[in-house]
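The sequence and the structure are shown first.

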Amino acid sequence: MIDIQLLRTGIDGVAKRLATRGVTLDVASFGALEDARKRIQTSTEQLQARRNALSKQVGQAKAKKDEAQAGTLMAQAAALGEELKQMEAENAALQARQHEFVSLLPNLPHASVPVGSSAEQNLEVRRWGTPRKFDFAPKDHVDVGTPLGLDFETGARLAGARFVVMQGGLARLHRALAQFMLDVHTQEHGYTEVYTPYMVSGECADGVTSLAKFKGDLFKLADRDLYLIPTAEYPVTNFVREQILPLEALPMKFVCHSPCFRSEAGAAGKDTRGMIRNHQFDKVELVQIVHPSSSYAGHEELTAHAEVILKRLELPYRMITLCTGDTGFSAAKTYDLEVWLPGQNAYREISSCSNFEAFQARRMQARFRNDKGKTEPVHTLNGSGLAVGRTLVAILENFQNADGSVTIPPALRPFMGGIEKLARP
């Protein structure tokens with residue numbers, strides 16, 4: 001969450017920065033909460049001072065063996081104690097209201113993020129690769145993949161719309177992609193592979209984003225406070241929850257392959273054909289926990305690591321910086337990598353790499369001890385390296401052949417037993 005001290009000392013500046021995201025900060029409401037907090041704090045300090053003075057007078061009365069006076073003073077001190085308990089309860093309730101107010105505010109955009117209200121104002125940074133020119137009309141991944149074992153009909157019978165079954169060589173290709181990504185990130189990029197639960201508590205979910213705002217996008221277990229993860233970011237980032245890390249522990253770099261589950265509330269009718277927006281899909285997620293001074297260098301590094309996968313697979317892509325109005329709730333800055341899909345004649349997101357600065361760390365109470373021995377929040381980063389299903393989609397569309405077969409990118413062939421093509425049975 002946003003540092004509450006920023007709201008207390010520079011709320012107008014915070015309001016201006018949030019406005020670039022299309023968020024109106026209720027300055028008056030926060031001001032009223034602050035005024036109430038200050039009144040309670042002043043009253044509490046006055047009551048504590050009076051009780052301390054009475055305690056001193058009780059001691060003096062007892063020293064004089066004036067038991068009557070001591071008894072009267074003790075009764076007054078006890079009454080003040082009850083008032084202080086009431087004041088503490090009021091203060092706790094007010095702190096909870098303030099915490100709720102701040103926890104619903106999105107992160108402040110970094111100064112380098114372009115100002116804009118929608119995806120149309122996102123800024124293209126660069127492109128890599130040249131889209132293939134076909135000597136036949138390219139198909140989309142549904143038409144290419146269905147004869148090869150992409151089975152949406154069975155997926156729908158098993159679980160409903162937006163689920164898929166993969167069979168044969170296609171299922172093997174999906175597995176090979178995840179293995180390839182994990183090997184590159186662990187053997188070349190220095191990430192530690194981790195395996196995590198596919199469910200997290202509501203408290204952990206709220207650590208990476210606002211559960212109150214986005215719980216509709218998650219699948220929740222009916223009988224307990226557990227949510228199916230929409231990305232491995234949820235469990236992995238929470239590794240450092242309520243921890244104080246030694247300075248030498250930073251940076252921490254983790255990679256995790258997991259299924260991801262999203263209810264996509266309100267997304268009906270948008271990008272729902274095929275595997276682009278399923279309720280269940282796989283991702284290889286990159287997470288870094290870093291020193292604040294190196295988080296933007298880490299952001300560039302993490303994004304480059306995701307780009308390596310696309311380059312090795314020979315998939316044309318472009319990199320864009322999301323504008324303020326399109327940046328996610330928790331992020332200060334986000335790069336999207338969009339892969340070229342010839343079946344759609346468009347670039348589509350395949351990885352989103354974000355720097356959250358200290359926003360998630362404050363929510364999780366994730367800190368480190370700096371070189372002066374003081375604690376401060378870590379910075380957190382994450383990105384897809386890559387979304388496995390969308391990478392499969394990209395391969396089916398970019399490497400399709402006129403006879404319906406799909407050429408296996410050379411980088412994947414060692415993970416496919418040397419198979420060079422997927423063809424109809």
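Trp128 has Tyr317 in E10 as its bridge partner. The model in which this pair is seen is predicted. Strands E1 and E10 run antiparallel and are paired over five bridges.

**The eight-stranded sheet**

E1 and E10 belong to an open sheet of eight strands with mixed pairing, in the order E1-E10-E11-E12-E15-E9-E8-E4. E1 and strand E4 (192-193) are at the edges with a single partner strand each, so one side of each has no neighbour in the sheet. In general, the strands of a sheet pair through backbone hydrogen bonds, in either a parallel or an antiparallel way.

| Strands | Bridges | Residue pair |
|---|---|---|
| E1 and E10 | five bridges | Trp128 and Tyr317 |
| E10 and E11 | five bridges | Arg318 and Glu338 |
| E11 and E12 | nine bridges | Glu338 and Glu349 |
| E13 and E14 | three bridges | Arg367 and Pro377 |

**Glu124 in strand E1**

Glu124 is located in strand E1 (residues 123-128).

Strand E10 (residues 317-321) is joined to E11 by five bridges, and the two run antiparallel. E10 is mostly covered, with four of its five residues buried. Tyr317, the partner of Trp128, is also bridged to Val339 in E11.

How many residues of strand E11 are buried? Nine of the nine residues in E11 (residues 333-341) are buried, so the strand is largely enclosed by the rest of the structure. Lys333, Tyr335, Leu337, Val339 and Leu341 point to one side of E11, while Thr334, Asp336, Glu338 and Trp340 point the other way. Charged residues, including Lys333, Asp336 and Glu338, are thus among the buried residues of this strand.

On its other pairing, E11 meets strand E12 (residues 346-355) in the antiparallel sense over nine bridges. Here Glu338 stands opposite Glu349 in E12. E11 and E12 make a hairpin with four residues between them, and Asn345 in the turn has a positive phi of about 55°.

**Helices against the sheet**

Helix H10 (residues 295-312) lies across E1, strand E8 (252-261), strand E9 (280-290), E10, E11, E12 and strand E15 (379-387). H10 runs at about 5° to E15. Helix H12 (residues 388-398) lies across E9, E11, E12 and E15, and runs at about 35° to E15.

H10 also meets another helix. The axes of H10 and helix H6 (residues 168-187) come within 11 Å and cross at roughly 130°. That angle makes H6 oblique to H10. The crossing is right-handed. On the H6 side, the contact is made by Phe180, Met181, Val184 and His185, and on the H10 side by His305, Ala306, Val308, Ile309 and Arg312. By class, these residues are six nonpolar, two polar and one charged.

**The three-stranded sheet**

A further open sheet has three strands in the order E7-E13-E14, with mixed pairing. Strand E7 (244-246) and strand E14 (375-377) are at its edges, each with a single partner strand, so one side of each is left without a neighbour in the sheet. Neighbouring strands in this sheet are turned against each other by 40° on average, with direction ignored. Strand E13 (residues 367-369) is joined to E14 by three bridges, and the two run antiparallel. Within this pairing, Arg367 has Pro377 in E14 as its bridge partner.

How values were computed. Residues are numbered from 1 along each chain as its sequence is written. This is a predicted model: local features need pLDDT of at least 70, side-chain atom pairs count only at pLDDT 80 or more; totals for chains, interfaces and linings use all residues. Side-chain values use heavy atoms; hydrogens and water are left out. Axes are lines fitted to C-alpha atoms, for helices over the stretch in contact, and angles run from 0 to 180 degrees between N-to-C directions. Angles under 35 degrees count as roughly parallel, over 145 as roughly antiparallel, 65 to 115 as roughly perpendicular and the rest as oblique. A crossing is left-handed if the near helix is turned anticlockwise from the far one by less than a right angle, and right-handed if clockwise. Contact means heavy atoms within 4.5 Å. Buried means under 20% relative accessible area, exposed over 50%, partly exposed in between (1.4 Å probe, protein chains only). Two strands pair if DSSP finds at least two bridges between them.
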